[in-house]
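I wanted to go through this model one place at a time and write down what I looked up. These are my notes, in the order in which I took them.

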Amino acid sequence: MTAARDDVLLLGAAAATPLAAGERAAMGEALRFAGLPASDLDDASVRAFAFAGRDGALVGYVGLEIHGDEALVRSIVVEPSRRRQGAGRAIVERLLGEAAALGAVRAYLLTTNARAYFERLGFATVARADAPPAILATRQAVGLCPASAALMVRPTRS
Ligand SMILES: CC(C)(COP(=O)(O)OP(=O)(O)OC[C@H]1O[C@@H](n2cnc3c(N)ncnc32)[C@H](O)[C@@H]1OP(=O)(O)O)[C@@H](O)C(=O)NCCC(=O)NCCS
């Protein structure tokens with residue numbers, strides 16, 4: 001079994017580490033480095049998680065907002081040296097399980113550069129006019145992501 005596969009298994013088995021507001025500086029750096037917005041990372045509505053691999057080293061980060069039945073998956077970034085090993089998929093699947101446990105039925109995300117990636121994970125593009133007001137009111141939807149960003153959705157449970 002490869003080290004990469006071991007990492008994925010660990011991501012599936014281990015709890016992600018929640019990052020309290022004030023513990024997200026390194027996450028913000030990683031997001032900015034990847035060209036993703038981070039200025040709202042410390043907002044009270046944003047949950048943030050760090051994932052480590054089997055070796056204890058950081059694999060990536062992800063953010064989540066829960067708005068009743070709806071979730072917003074946001075701020076996913078995998079360490080450059082850990083990409084293309086299944087970590088992103090494992091993180092998204094883990095996060096969707098967390099969102100479902102918190103009562104969300106559907107998960108939305110906004111992306112400018114990774115639409116094809118999220119299609120492979122079961123997300124489909126949806127018109128903004130068809131999105132719930134709570135998702136359209138998030139800071140990401142209102143202004144941090146460009147209007148050209150694709151809005152995508154999938155059920156939290158497949
Ligand atoms: C997008 C990201 C999280 C994927 O993480 P990852 O751990 O490499 O993903 P996985 O290992 O699950 O999947 C890798 C596959 O997705 C593809 N992929 C990665 N990024 C992609 C993108 N932006 N668009 C389309 N496909 C993409 C890879 O080419 C690879 O394909 P392959 O299996 O045919 O080789 C990672 O590339 C990243 O951190 N990018 C910078 C931040 C970012 O753009 N986040 C998304 C913002 S909405």
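**Arg84.** I began with the surroundings of Arg84 in this predicted model, and since a residue counts as exposed if 12 or fewer other C-beta atoms lie within 10 Å of its own, Arg84, with 8 such neighbours, is exposed. I placed Arg84 in the loop between β4 and α3, and I noted that its phi is positive, near 60°, although the residue is not a glycine. Most residues other than glycine have a negative phi, which was my reason for looking up the backbone here.

**Ser75.** I then turned to Ser75, another residue that is not glycine and whose phi is positive, near 60°. Ser75 belongs to strand β4, and I recorded it as buried because 27 other C-beta atoms lie within 10 Å.

**The sheet.** Next I wrote down the strand order, which is β1-β2-β3-β4-β5-β7-β6 in an open sheet of seven strands with mixed pairing. At its edges I found β1 (17-19) and β6 (124-125), each of which pairs on one side only. Which parts of the sheet does helix α2 touch? I found that α2 (residues 25-33) packs against β1, β2 (47-52), β3 and β4, and that the direction of α2 makes about 80° with that of β4. Helix α3 also packs on the sheet, where it touches β2, β3, β4 and β5 (106-111), and its direction makes about 30° with that of β3.

**Pairings, strand by strand.** Strands of a sheet pair through backbone hydrogen bonds, either parallel or antiparallel, so I took the sense of each pairing in turn.
- β1 and β2 are antiparallel, joined by three bridges, and I noted Ala50 in β2 as the bridge partner of Thr17.
- β2 and β3 are antiparallel as well, with six bridges, and here Ala50 stands opposite Tyr61 in β3.
- In the hairpin of β2 and β3 there are five residues between the strands, and Gly56 takes a positive phi near 85°.
- β3 (residues 58-67) and β4 run antiparallel over seven bridges, with Val78 in β4 as the bridge partner of Gly60.
- β4 and β5 run parallel and are joined by three bridges, and I found Ala71 opposite Ala107 in β5.

I also checked the burial of β5: five of its six residues are buried, so β5 is largely enclosed by the rest of the structure.

**Arg47.** I looked up Arg47 because it is a buried residue, with 21 other C-beta atoms within 10 Å; Arg47 sits in strand β2. Leaving aside neighbours within four places in sequence, I found Arg47 in contact with Pro18, Gly63 and Leu64. I also took the separation of Arg47 from Ala20, 27 residues apart along the chain, and their C-alpha atoms are 7.7 Å apart.

**Val78.** Val78 lies in strand β4 and is buried, with 23 other C-beta atoms within 10 Å. Beyond its neighbours within four places in sequence, Val78 is in contact with Val59, Gly60, Arg83, Ala87 and Gly88. For Val78 and Ala129, which are 51 residues apart in sequence, I noted a C-alpha separation of 31 Å.

**Helix α3.** I compared the span of α3 with what its length calls for: at 1.5 Å a residue its 15 residues should span 21 Å, and the end C-alpha atoms are 21 Å apart, which agrees. In α3 I listed Ala87, Gly88, Ala90, Ile91, Val92, Leu95, Leu96, Glu98 and Ala99 as buried. After α3 comes Gly103, with a positive phi near 100°.

**The ligand.** Which residues come nearest to the ligand? Of the 17 residues around the ligand, I found these to be Arg83, Gly88, Arg89, Thr111 and Ala114. Two or more residues of the shell come from each of β4 (70-78), α3 (87-101) and α4 (115-120). By type, I divided the shell into nine nonpolar, five polar and three charged residues.

Terms used
Residues are numbered from 1 along each chain as its sequence is written. This is a predicted model: local features need pLDDT of at least 70, side-chain atom pairs count only at pLDDT 80 or more; totals for chains, interfaces and linings use all residues. A residue is near a molecule or strand if its C-beta atom, placed from the backbone, lies within 6 Å of it. Helices (H or I, at least four residues) and strands (E, at least two) are DSSP runs, numbered from the N terminus. Ala, Val, Leu, Ile, Met, Phe, Trp, Tyr, Cys and Pro count as nonpolar, Asp, Glu, Lys and Arg as charged, and the others, Gly among them, as polar. The expected span of a helix is 1.5 Å times one less than its number of residues. A residue is buried if 20 or more other C-beta atoms lie within 10 Å of its own, exposed if 12 or fewer, and partly exposed in between; C-beta atoms are placed from the backbone. Two strands pair if DSSP finds at least two bridges between them. Two residues are in contact if their C-beta atoms, placed from the backbone, lie within 7 Å. Axes are lines fitted to C-alpha atoms, for helices over the stretch in contact, and angles run from 0 to 180 degrees between N-to-C directions.
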